[in-house]
Amino acid sequence: MNTHVENTQAAGLEWLSDRRPTRSIAIAGGKGGVGKTTVAVNLGMALAMGGRDVLLLDADLGMANIDVLLGLQPVRHLGHMLEGACRIEDLVLDAAHGLKVIPATSGTRRMAQLPNIEHAAVIRAFDEYPLAPEYLIVDTAAGISDSVSMFAAASDEVVVVVCDEPASLTDAYALIKVLSREFAVNRFRIVANMVRHAQEGRALFEKLSRVTSRFLEVSLDFMGMVPHDEYLRQAIRRQAAVVDAWPSSRSAVGFKNLARSVDTWGEPEPRVQGRIGFFADRAHLGGGLPL
Ligand SMILES: Nc1ncnc2c1ncn2[C@@H]1O[C@H](COP(=O)(O)OP(=O)(O)OP(=O)(O)O)[C@@H](O)[C@H]1O
């Protein structure tokens with residue numbers, strides 16, 4: 001049996017169909033610590049275990065930690081590419097199940113405070129990326145800095161992670177407001193993380209929806225929820241994604257459901273004219289997605 005089929009069956013993710021054109025998905029949240037990186041890593045890994053070709057970009061520049069979470073040892077990071085020392089494809093690391101990772105760096109003030117022209121250079125670098133993945137998952141930083149806004153606005157989809165804390169909802173609202181008013185992003189997918197029971201996830205989504213529908217011209221879709229799960233911490237200690245280390249745990253099941261939902265999304269919204277985007281030069285990929 002080939003590895004691709006084995007991975008899919010082992011993960012209980014038999015949704016596979018034909019190869020997809022590239023879709024970029026930013027994972028954001030406003031507030032720190034709501035689980036953006038956890039969602040990015042496990043969603044990426046679940047899709048990879050389902051046989052999808054996934055590239056995970058650590059865009060939490062300056063406080064990056066995807067490499068640590070997945071036990072990878074980067075030699076170079078995005079800073080080296082910006083200095084012209086290497087190309088974007090030279091940064092790619094191989095994680096389990098074929099998941100590919102582009103690391104950033106941690107503890108570097110220059111990377112945390114890049115000017116917008118360099119954020120744009122990171123996004124444009126993907127135009128030259130030789131093998132377009134089916135999914136590019138972009139883990140963004142906390143807050144509503146220019147970096148977060150630019151990476152989110154450059155993606156086909158924006159996933160907003162929330163949890164049951166008042167500051168999480170107010171920060172998620174602030175992020176959605178900035179992205180809609182200043183960057184014309186008008187569709188958001190909401191993930192409720194660390195939920196204690198199913199009603200809590202829905203209730204969080206509905207609370208956020210009520211406020212956005214009153215004050216903003218945006219559409220919010222409930223993407224799903226991930227339970228609070230101690231196995232996640234154990235997976236972190238093992239430097240592995242929980243979907244890989246404990247595929248039957250509560251959180252792993254939640255992440256796999258998120259991955260299934262991603263794989264059923266329809267066409268992305270057409271890109272706003274003139275805005276830079278990941279894989280904007282997609283004509284050569286034959287994907288036929290609107291630019
Ligand atoms: N569903 C969950 N169950 C239990 N713990 C979780 C869950 N999701 C995230 N965590 C834990 O919460 C902490 C914060 O998660 P994470 O680093 O993914 O958040 P973040 O939003 O990316 O943070 P930052 O804003 O600092 O980048 C981590 O210790 C993580 O293991």
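Good morning. Helices and strands, as I shall name them, are DSSP runs numbered from the N terminus. The model I present is a predicted one.

I begin with two residues whose backbone deserves attention. His-97 belongs to the loop that joins strand E3 (93-94) to strand E4 (100-102). Its phi is near 60 degrees, a positive value in a residue that is not glycine. Is His-97 buried or exposed? A residue is taken as buried when 20 or more other C-beta atoms lie within 10 Å of its own. His-97 has 25 such atoms within 10 Å, and is therefore buried.

Ala-184 sits in the loop between helix H8 (166-183) and strand E7. Here too phi is positive in a residue other than glycine, with a value near 55 degrees. The limit for an exposed residue is 12 or fewer neighbours. Ala-184 has 12 C-beta neighbours inside 10 Å, so Ala-184 counts as exposed.

Let me turn to the sheet. Eight strands form an open sheet with mixed pairing, in the order E3-E4-E2-E5-E1-E6-E7-E8. Which strands stand at the edges? They are E3 and strand E8 (219-227); each has a single partner strand, so one side of each has no neighbour in the sheet. The pairing of E7 with E8 is parallel and runs over eight bridges. Within this pairing, Phe-188 has Leu-220 of E8 as its bridge partner.

Next, helix H6, which covers residues 116-125. His-119, Val-122 and Ile-123 are buried in this helix. Viewed down the axis of H6, the buried residues fall within an arc of 95 degrees, and therefore line one face of the helix. In general, an α-helix has 3.6 residues a turn, so residues three or four places apart point the same way. The cover over the buried residues of H6 includes helix H4 (78-82) and helix H7 (146-153).

I come now to the ligand. How many residues surround the ligand? There are 19, and the closest are Gly-32, Gly-35, Thr-37, Thr-38 and Ala-142. Helix H2 (36-49), strand E7 (187-195) and helix H10 (230-237) are the elements that each give two or more residues to this shell.

Finally, the annotation. An unreviewed UniProt entry lists residues 25-239 as "domain: CobQ/CobB/MinD/ParA nucleotide binding". In the model, that span is 41% helix and 21% strand, and its end C-alpha atoms lie 23 Å apart. Thank you.

Technical notes
Residues are numbered from 1 along each chain as its sequence is written. This is a predicted model: local features need pLDDT of at least 70, side-chain atom pairs count only at pLDDT 80 or more; totals for chains, interfaces and linings use all residues. Helices (H or I, at least four residues) and strands (E, at least two) are DSSP runs, numbered from the N terminus. The arc is that of the directions from the helix axis to the C-beta atoms. Two residues are in contact if their C-beta atoms, placed from the backbone, lie within 7 Å. A residue is near a molecule or strand if its C-beta atom, placed from the backbone, lies within 6 Å of it. UniProt positions are given in the numbering used here, feature names are shortened, and annotations may be inferred rather than shown by experiment. Two strands pair if DSSP finds at least two bridges between them.
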